[in-house]
Amino acid sequence: MKRIVLACLALVIAQLVYAQNSAKKFSLVITNANVVDVINGKIIKNQLLAISGDTIKAVDDTKMAAKYKADRYLDAMGKYVMPGLWDMHIHLRGGDSAIGANKNLFPLFLAYGVTTVRECGGDMTPSVMTWRKQVANGELAGPRIFTAGPKLDGPGGTWAGSIPVVTPEQVTAALDSLQKIHVDFVKIYDSKISGDAYLEIIRQAKKRGMKVTGHMPFTVELKEAASLGMDGSEHLYYVFKACSSKEDSITEEIRKSEHTAHPIGLFGALPSLFNTFDSVKAAQLFKYLAQKNFSITPTLFISKTLSGIKETDHTNDSLLAYIDPRIQATYAGRVRGARRQSDEQTRFTQRYQALCASLVPKMYAAGVNIVAGSDCGASNSYVYPGSSIHEEIKLLVASGLTPAQSLKTATANGSKFFGVESFFGSLQKGKCSDMVILDQNPIADINAIDQISSVVSHGKLYSKSDLNALLAAIKH
Ligand SMILES: [Zn+2]
C-alpha cells in the first residue's frame, strides 16, 4: 500500500516538474554535452543544460530533451563543456591614451574562453569600473571583472595610479577610498611600501572584511601576513622565501642593506634563498597556509616568458596583430631589462623557476588554494590575454598537477578566493552559465583547451565564427 502511494506521489511530482519545464522557455538549451566536472575530475556524458540568462536552470539527461523548450538550441554533439575560465591575475593599464586599447583586449579573453578576470590593479580605475558594470549588465561583451582598483604601495611606487601609504591614518583613508568605489579586493605592491604599512593594510582591510592579496616587501614574512588574515600571495617569490631555513637571517641582511648604497632586495637574495631551501619547512608552511584558506597565484607562464625573452624572437607572434600598438609599445621596458641579464643570471633564473614550479603540486596537495593567473596586460611583454592563461594551465600540468586539478585552479578556485563558489565553478543547476565548449576532452589531454568550439558568456552563445568576428574587429 505504502509503495503504491509513494509511486503515485512520484508520478505526480514528475508530472508537475514536466509541466513546469514545458511551460518554461529557456534562452538556450545545450544537448549531447559531455560535462567536464573539474572538481571531481570526471566526465558526465549525454547531458542537457537548460539556461536562462546567466544561470543554468536545469541539468538533465539529453534523452529528456523533448520537454525543454528554448529560444535557441545547441547540439554539442559529444563535445566537452566546462565552466568558463578565470584568469586570476590581469592588468588593465597603460595610461589614459591606452583606455580604448585595453577595452579592445576583451574579445581576446572571450575567444580563449576566459569569462572572468581578476584585475590586479592599474591606472584606469574609472574606466574599469564602467566596464565591470557594462559587462555585468550584458551591455559589453567581455569577461566578468573583479577589480582591485588602484594598487596600494609606498610613496613614489613603480606603477602609475597606485595610492601611496605610510601611516595608519593614510591606510585608513586609502581603504575608505577603495570601499567608496566598491573594489572587489585590495592589491598591495611592494616597490616602496614599508613592512609596517603593509601589515597595517592587512589588519585594517580584514577588519572591514576586504580580501587582500599582493606582492610583499622582503622585510615581511609570509607567515606573519597570513596569520593576520591576508588572503593570498601573487607569484612564487614570497612563498619561496618562506621555504628557506635561513629566512630570518636573510631577511635581516636585506633589512640592514635596505638604505645602504647596495641594497640586496628581492632578486639579490634569491641565490641564498635557493641554497637554503628547506623541504621540511616548506611542507609545514603549506599546511599552515592551507589552514588559513590562503590562495597562491604561481604565474609560471610570465616568468618563463620574461626569462626567455633574450633567446626568443617574438616579432612574428601571430597574436601581436590583436594587441594595440600603444600596448605593444609598453613591452620595450621588460625586454631591455631581460637583455641586461647575464647568461649566468638567466641560467640561475631557470633553475630557480624549476624549483618554484615543483612546489605547486605540493602546495595543491597540502590544500593551498592555487589559482591560475597570467599577469597579462600592458608592460608584461608577450603575455597575451586569453592565450596566456591556456599556457599557464598547461605549465601547471607540466609542474605536476593533473589536467583536472589545473582546470580547477582556472575555474572553481578563483571563485573560492572571492567566496562566490555557490554560483561559480561548476556546471550545476542554479549556477552560472558561463562555459567553454571544447572539441576534445581536456581531462585526457590538457592541450584540448586550445580547441574551442564555442563560449557562453552572460547567457550569450558565441559560436566559433562569432568569436572570430570579435577578433577580426580588433585586428590591426
Ligand atoms: Zn601583476
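The crossing of helices H5 and H6 is right-handed, a crossing being right-handed if the near helix is turned clockwise from the far one by less than a right angle, and left-handed if anticlockwise. The structure is a predicted model, in which local features need pLDDT of at least 70 and side-chain atom pairs count only at pLDDT 80 or more, whereas totals for chains, interfaces and linings use all residues. Residues are numbered from 1 along each chain as its sequence is written. Helices (H or I, at least four residues) and strands (E, at least two) are DSSP runs, numbered from the N terminus.

H5 comprises residues 168–180 and H6 residues 195–207; the two pack at an angle of about 50°, with their axes 10 Å apart. Axes are lines fitted to C-alpha atoms, for helices over the stretch in contact, and angles run from 0 to 180 degrees between N-to-C directions. H5 and H6 are therefore oblique to each other (under 35 degrees counts as roughly parallel, over 145 as roughly antiparallel, 65 to 115 as roughly perpendicular and the rest as oblique). Pro168, Val171, Thr172 and Leu175 of H5 make the contact with Ala197, Glu200, Ile201, Gln204 and Ala205 of H6, where residues are in contact if their C-beta atoms, placed from the backbone, lie within 7 Å. Of the residues in this contact, six are nonpolar, two polar and one charged (Ala, Val, Leu, Ile, Met, Phe, Trp, Tyr, Cys and Pro count as nonpolar, Asp, Glu, Lys and Arg as charged, and the others, Gly among them, as polar).

An open sheet is formed by three strands in the order E6-E7-E8, with parallel pairing; two strands pair if DSSP finds at least two bridges between them. Strands E6 (85–90) and E8 (144–147) stand at the edges with a single partner strand each, so one side of each is left without a neighbour in the sheet. Neighbouring strands are turned by 20° against each other on average, direction ignored. E7 (residues 114–119) pairs with E8 over four bridges, and Val117 has Ile145 of E8 as its bridge partner. Helix H4 (residues 125–136) packs on this sheet, touching E7 and E8, and its direction makes about 145° with that of E8.

Strand E16 (residues 435–438) is joined antiparallel to E5 (residues 80–83) by four bridges, and to E17 (residues 452–457), also antiparallel, by four bridges. Pro83 has Met435 of E16 as its bridge partner, while Val436 is partnered by Val455 in E17. From E16, Met435 and Ile437 point one way and Val436 and Leu438 the other, and all are buried (20 or more other C-beta atoms, placed from the backbone, within 10 Å of the residue's own; exposed if 12 or fewer, partly exposed in between).

Note on methods: Contact = placed C-beta atoms within 7 Å.
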